[in-house]
Amino acid sequence: MNADKPDNIAPARPVHHRWVYLNGEFIEAQQASLAITTQAFNYGTAVFEGIRGYMPTAGGGVHIFRLDEHLSRLRQSASLLLIDDLPEHESLKASILSLLRRNDVGDDCYIRPIAYKHQLLPGMGFGVKLSGVSSGLSVNSLNMRRYVKQDGLSCAISGWRRVADNAIPARAKITGSYVNSAFAMESAQRSGYDDAIMLNSLGYVAEATTANVFMVKQGRIITPPVTAHILEGITRASVIELAENYLGLEVEQRDILPSELLTADECFLSGTGVEISPVKQIEYHALQSLEPDSLSIKIKNLYLQAVRGELDAFNHWLTPIY
């Protein structure tokens, strides 16, 4: 499969595409700019999506993975910040596809739409707020192949807790909330780990810094529920559907204590960026996630087949650019 070639590891500096979309116009990326007074820059009041495009194994042009679901979640996230003037779904979808065609995308890629709070409206007093602020929309894209190591991740259990849903909504990809992930990732990497698994305010497993968490124990796949202060991941939902439809396994969604995670047989992370990434070690505990017959590897292979158009039953997840 094309996805397994060594040269599919991303370069250190992904190549950004020439054109971006900014507030209804296609402009060259080097010309795109926002004022330093932009509310989102000052207060983290923006939402985003990370979306991937893949070249199918059979060729025929890049397809975007679960574009409709990502745009629906973007709109849901935006509504929480009172950004209610996004283009209609089909219009935004068409603009993104037009942008990718303009950039002549011909390989695996990454797309990032950002809906943001822009400027205070006339008569509004200075300060951080959601109402009385205009909004904007940008979309940029870049070449992206795999960037996560393929020989298994090592994860710490972070001392930084996942932000509670009643502090910052966990189901929204709000830019400002990602400083929480940055703290956890920085601490983990300075301690020699690849990533961090964060607990929620109740002490249960929530998620990794930018990915959902699955563990395998005695042949059962288990993942924290959406009530555990986690992002309702689109890749997470894909894993659950693939496991149930192709492996005949019911995925348990329930709270997980850190001690249970430490005694798991396997663990893997899921997300648009990390795709499906087996975890070989959590703290001092070695896992069997990389064994050829592990469920982690089976799920990873099924996912790579799905995104590259090899599973006919899931081709409705793919939107062609051309």
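**Contacts and exposure in a predicted model**

Me: Is D107 buried, partly exposed or exposed?
Reply: In this predicted model, D107 has a relative accessible area of 24%. Buried requires under 20% and exposed requires over 50%. The value for D107 falls in between, so the residue counts as partly exposed.

Me: With which residue does D107 form a salt bridge?
Reply: D107 lies in the loop between helix 3 (89–102) and strand 6. Its partner lies in the loop between strand 7 and strand 8 (153–157), 38 residues apart from D107. The closest N and O atoms of the pair are 2.4 Å apart, and the partner is R145.

Me: How far apart in sequence are the parts that the salt bridge of R18 and E28 ties together?
Reply: The closest N and O atoms of R18 and E28 are 3.1 Å apart, which is within the 4 Å limit for a salt bridge. R18 is exposed at 51% relative accessibility, whereas E28 is partly exposed at 29%. Because R18 lies in the segment before strand 1 (19–22) and E28 in strand 2 (residues 25–28), the separation is 10 residues.

Me: Which residues are linked with R254 in a network of salt bridges?
Reply: R254 forms a salt bridge with E252, with 3.3 Å between the closest N and O atoms. R254 has a relative accessible area of 25% and is partly exposed; E252, also at 25%, is partly exposed. The residues linked with R254 in the network are R220, E252 and E260.

Me: Are the rings of F214 and F268 stacked or edge-to-face?
Reply: A pair of aromatic rings is described by the distance of the centres and the angle of the planes. The centres of the F214 and F268 rings are 4.9 Å apart, and their planes are at 5°. Planes under 30 degrees apart meet the criterion for stacking. The pair is therefore stacked.

Me: Which strands does the pair of F214 and F268 tie together?
Reply: Both F214 and F268 are buried. The two residues belong to parts that are 54 residues apart in sequence. Because F214 lies in residues 212–217 and F268 in residues 266–271, the parts tied together are strand 11 and strand 14.

Me: What is the accessible area of the nonpolar surface patch that contains F126?
Reply: F126 is found in the loop between strand 6 (109–120) and strand 7 (133–143). At 77% relative accessibility, F126 is above the 50% limit and so counts as exposed. Together with Y43 and V128, F126 forms a nonpolar patch whose accessible area is about 370 Å².

Conventions
Residues numbered from 1 in each chain as written. Predicted model: local features only at pLDDT ≥ 70, side-chain atom pairs only at ≥ 80, totals over all residues. Heavy atoms only, no water. Patch = residues over 30% accessible without salt bridge, like charges linked within 9 Å, V, L, I, M, F, W, Y side chains within 5 Å. Areas by Shrake-Rupley, 256 points an atom, 1.4 Å probe, with all protein chains shown as cover. Salt bridge = Lys/Arg side-chain N within 4 Å of Asp/Glu carboxyl O. Helix = DSSP H or I, 4+ residues; strand = E, 2+ residues; numbered from the N terminus. Buried < 20%, exposed > 50% of the residue type's maximum accessible area, 1.4 Å probe, protein only. Phe/Tyr/Trp six-rings, centres within 6.5 Å; stacked < 30°, edge-to-face > 60°.
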